[in-house]
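Dear colleague,

I am handing over the structure we spoke about, and my notes on it follow below. Please read them with the model open beside you.

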Amino acid sequence: MSVSPLERWLDDHPYLRPVAELRACVDRALSQLPVPPVTVPAWDSYREDLEAGIPLLSSPGAGVDLEPVGTLVAGLLRRLEAEPLPGPVAGEVRALGEELSRTPELSRRSVPFLLGDDSVEVPSPGLLRFLGWTVLARYLRPVVEAFTTWRDEDRWLRRYCPTCGTLPAMAQIAGVDPARHRLLSCGCCGTRWRFRRTQCPFCENDSHRLSGVQVEGEAGLRIDHCDACGGYLKTYEGQGQEALLLADWTSLHLDLLAHRRGLKRQAMSLYDLDSLLGS
């Protein structure tokens, strides 16, 4: 029987199995929920905001309806209570689910929280961020696919995600010379967008201050970092394994390696590196 690329990856990186098992539980529970269809925006109504650098989800002109997301998160928590979760996670899931049941408006506040509104206070922010973005990415998938097809990549070229506005978690070097290009990858909504190959997406410094660290035994993956700001990007050089190598969680060990080198993860993470990897 053939072994999937993910299974081979986990065989080579067994310390990632707890994360893989948690994600499998969440994906299984989410698959049991009816996800309502999302209306793809009328792109002409968003064009002006795109030119102004306003992310899709922050644009009044685009008007993407995010109202169902809070209800989906609450439903996911109820489903997860029946899943075989690790003890500490199970307790936190149960407590967050009870809090959402007691405070219905908390579901509505979860969306602004996910989109970076620091004034919104929520219980278990780490868990809510992880589950909320898992739901939001699934709900938005048709919009992200249509948005990618519609927009002119050369008209964005900004350091933050054109869909949700977060900083990139990873990058991809794709194509062959002379058409090789760099795509930034959002660790939240999954959008990929083009960016200059020689520029830091965090401080926007020039190429003379960019460096790369090759990781032994990790063919296709490296750590690119900026000597000016210390920010780094895990980078996949190649094509065909995007689902595996741009998933962010599958390369959490590279985040630890970067941290030990004194580098800074500028992008938001959906994962608690210390607890998940036991460091």
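This is a predicted model: local features need pLDDT of at least 70, side-chain atom pairs count only at pLDDT 80 or more; totals for chains, interfaces and linings use all residues.

Residues are numbered from 1 along each chain as its sequence is written, and side-chain values use heavy atoms, with hydrogens and water left out.

Strands (E, at least two residues) and helices (H or I, at least four) are DSSP runs numbered from the N terminus, and two strands pair if DSSP finds at least two bridges between them. Strand 1 and strand 6 (residues 232-237) pair in the parallel sense over four bridges, and strand 1 is joined to strand 2 (residues 181-185) by five bridges, running antiparallel. The hairpin of strand 1 and strand 2 has six residues between the strands, and in it Gly175 takes a positive phi near 85°.

Strand 1 (residues 170-174) is largely enclosed by the rest of the structure, because five of its five residues are buried (under 20% relative accessible area with a 1.4 Å probe, protein chains only; exposed is over 50% and partly exposed in between). Met170, Gln172 and Ala174 cover one side and Ala171 and Ile173 the other, all of them buried.

**Cysteines**

The structure holds zero disulfides, a disulfide being a pair of cysteine sulfur atoms within 2.5 Å. The sulfur of Cys161, a buried residue with a relative accessible area of 0%, is 3.6 Å from the closest cysteine sulfur, in Cys189, which is too far for a bond. Cys188 is also buried, at 6% relative accessibility, and its sulfur is 4.6 Å from the closest cysteine sulfur, in Cys186, again too far for a bond.

**The lining of the largest pocket**

Helix 7 (125-150) is among the elements that each supply at least two residues of the lining of the largest pocket, as are helix 1 (5-12), helix 2 (17-31), strand 2 and helix 8 (242-245). Helix 7 gives the most, with eight residues.

With best regards
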